[in-house]
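User: Hi! Could you walk me through the pockets in this one?
Analyst: Happy to, let's have a look together.

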Amino acid sequence: MENESKKLQLSTVIKLGGAFIGTCIGSGFATGSECLSFFIAYGIKGAVGALLISFVIYFLFTRELFNKGQELPPEQCTSLFTYYFGKTIGTILDWFCAILVGGCYLIMISGAGTTLHQYFGIPVVAGSAIMAAAAVLTVWFGLRRLTSIIGLISPFMAALTIIVGCLSLTRADFSAAAATLETLHLSKAAPSWWISGILYPCFCMLTLAPALPAMGATAPNKKTTSFAAAFGVTFFHAALAVVVMAIFGNLRVVGASQVPNLELAGLLGPATRLLFMVVIVLAIYTTACPMAWGFCGKIAKNEKSAKYRACILLLTVVGMICSYLFPLGTLINFMYSISGYVGAVVSVGMIISNIVKKRKIKQAKQ
């Protein structure tokens, strides 16, 4: 029986790896907007270097968080920052994550406005207003079932994005990529490509920290969780690399677009472009609503209270103002870069905390 419990469970590897991929491949991946500032802006060599650094860090912290689900009781998995840093710092980080979720809601509203503007030519703020109205109505009346049903589109969105990327690569021309890139003046997430490679997984870590240990707890052993981390991270970065290279190979088509993948879909015909636009907007909707729930739920537990609903309205108004004042790329750079730096500090702190805890356990046994 003991040998059985230590065996690699392939079905769980695929299930956990798939759940991780689904969590990472969201609307930011589908639009390609994250790729611009974290990878494309640094040129092909810089993008490849950033992808490699991101892969290593992603794997290390995914394996760590999956394995914590094996080591810790369920109540500690839900308050992971408290486990690593104690109650005071853990509470501060929990609130920072809640604020990050609220900030991502603002990005979702702006992303919807930018996508609709790019397709229909309507003002960004008008497109943002449509998404904001849909999100407010859904959260206001507690229509979680609706977002769960539409959320089933996520695997389709991921598959469609990868297919569009792969087909776009067949039309790619890298010969003028460097020259075209210089004319675009893309904003960068960090001063250099290697810092960007660090920041990309670190900002994601803050939002993944509460979810991954619970996923890892469903596995039979650490061998399975380690392989699941390797499988999920490898597939995600392979998909990411396809999209990044497809954008590089079609920079003349993409131009200064804030939603580059929509332009890549246009290479495959107007019907594909329309389908892709619909999928992106639905994906943003199913991402925005849970983020609004998460942020407002931190402020007020009762979803029917005046405080909760006032929070929804205030957050949405801020989102509308931001979408009017700032381009999508600027919002992504600001929110994700700050979160990336905080996530990097937290990651180092987690490593130090692990070392200290292991030393204490070793000393206690002596």
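**Pockets and core**

Analyst: By class, the lining of the largest pocket has 26 nonpolar, 14 polar and 4 charged residues. Here Ala, Val, Leu, Ile, Met, Phe, Trp, Tyr, Cys and Pro count as nonpolar, Asp, Glu, Lys and Arg as charged, and the others, Gly among them, as polar. This is a predicted model, where local features need pLDDT of at least 70, side-chain atom pairs count only at pLDDT 80 or more, and totals for chains, interfaces and linings use all residues. Residues are numbered from 1 along each chain as its sequence is written, and side-chain values use heavy atoms, leaving out hydrogens and water.

User: What counts as a pocket?
Analyst: On a 1 Å grid over the protein atoms alone, a pocket is an open set of points where a 1.4 Å probe fits, with protein on both sides within 12 Å along at least five of seven lines; lining residues have an atom within 4 Å of a point.

User: Which element gives the most to the lining of the largest pocket?
Analyst: That is α17, with 9 residues. Helices like this are DSSP runs (H or I, at least four residues), numbered from the N terminus.

User: And how many residues line the second largest pocket?
Analyst: There are 15, and the closest to its centre are Ile57, Leu60, Phe61, Ser347 and Ile351. Two or more lining residues come from each of α5 (43–71), α12 and α19 (328–365). By class, this second lining has 10 nonpolar, 3 polar and 2 charged residues.

User: New topic: what does Tyr105 touch?
Analyst: Tyr105 has contacts (heavy atoms within 4.5 Å) with residues including Ala132, Met291 and Leu315, not counting residues up to four places away in sequence.
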